[in-house]
Amino acid sequence: VRVTDSGLGCPDWPLCYGGLLPPLETKAIIEFSHRITASLLVGPLILVTVGMAWIAYRQVPWVVVPASVALILLVTQALLGGATVLNELPGAVVSAHLAVGEVLLACLILLTVVAFRGPLVIVFSRIIGGRRDRFPLLILAAAVGVYALLMSGSYVTITGATFACVEWPLCQGELFPDQRLPAIHMGHRLLVAIVGLFVMFTLMRGSRKGRWPKSVRILSMAVATLFIAQVMIGAATIWLTFPQEYRALHLAVGTAVWGGITLLTLLI
């Protein structure tokens, strides 16, 4: 919806041009398909999950609490989506819409882990081979860093700084441009570099053989691969003059990194 500028494809909410079906216009159909996916697929699935949690698992806080939070986030997300349209795409609301959506994803991943593995045990370090390993704390910090990267990327978008730099890795030959929009764009790249080094360092620790279960090692390597792919997709997006497909893929893979590192944090 965003990369095709279809956010106002349906200028009213919850209907589209006052009707239950959109007109046969590309942007209206794109925007309406997003609404249908949210209201007829994602929403009902979450509602059923919350209902089952309260009916069958109300004595298990690790199920009931995340499920209830997911319901609150779902309602918040829907209201933000409506506010985004009715207020003609204000940047702060667009960013908040993405922020809540990513937290909702993490909440559902938490529910999935608990469903398969049982209630979590929170630890920030473990004794491995007679030495204290702080990988749990590091992976938690890395997850926070990835979320910050998602939000900084959103800030680049809502400020209109996406197209401010037409070169990579520098911005018109500069590392620290003076103008506002190029500076915002480069700020995101520099944050990616700083957080990325920390994330990769942490994931490499998680992939060490003999220290963590095989599932953790494989997931660590998978998330590291996704992170590298995300950086290269970002670079290719600029080199290829910002095609819509690459901009959508950039957000999709970024969300996959966030989901993967959230899963890894919860497993640890």
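Which cysteine does a disulfide join to C10? Okay, let's start there. Keep in mind that this is a predicted model, so everything I quote is computed from it.

The partner is C16, with an S to S distance of 2.0 Å. The torsion about that S-S bond is about -75°, so this disulfide is left-handed. And are those two cysteines buried or exposed? C10 and C16 are both buried.

Now, how many disulfides turn up if you search the whole structure? Two. The other link runs from C165 to C171, with S to S at 2.0 Å. That one is left-handed as well, with -90° about its S-S bond. C165 has a relative accessible area of 0%, so it's buried. C171 comes in at 1%, so that one counts as buried too. If you number the bonded cysteines along the chain, the pairing reads 1-2, 3-4.

While we're on cysteines, a quick word on C107: its relative accessible area is 9%, and because buried means under 20%, C107 is buried.

Let me pick out F124. Where is F124 found? In the loop between helix 3, which is 91-117, and strand 1, which is 126-128. Why do we call F124 partly exposed? Because its relative accessibility is 44%, and partly exposed covers the range between under 20% for buried and over 50% for exposed.

Key:
Residues numbered from 1 in each chain as written. Predicted model: local features only at pLDDT ≥ 70, side-chain atom pairs only at ≥ 80, totals over all residues. Heavy atoms only, no water. Helix = DSSP H or I, 4+ residues; strand = E, 2+ residues; numbered from the N terminus. Buried < 20%, exposed > 50% of the residue type's maximum accessible area, 1.4 Å probe, protein only. Disulfide = S-S within 2.5 Å.
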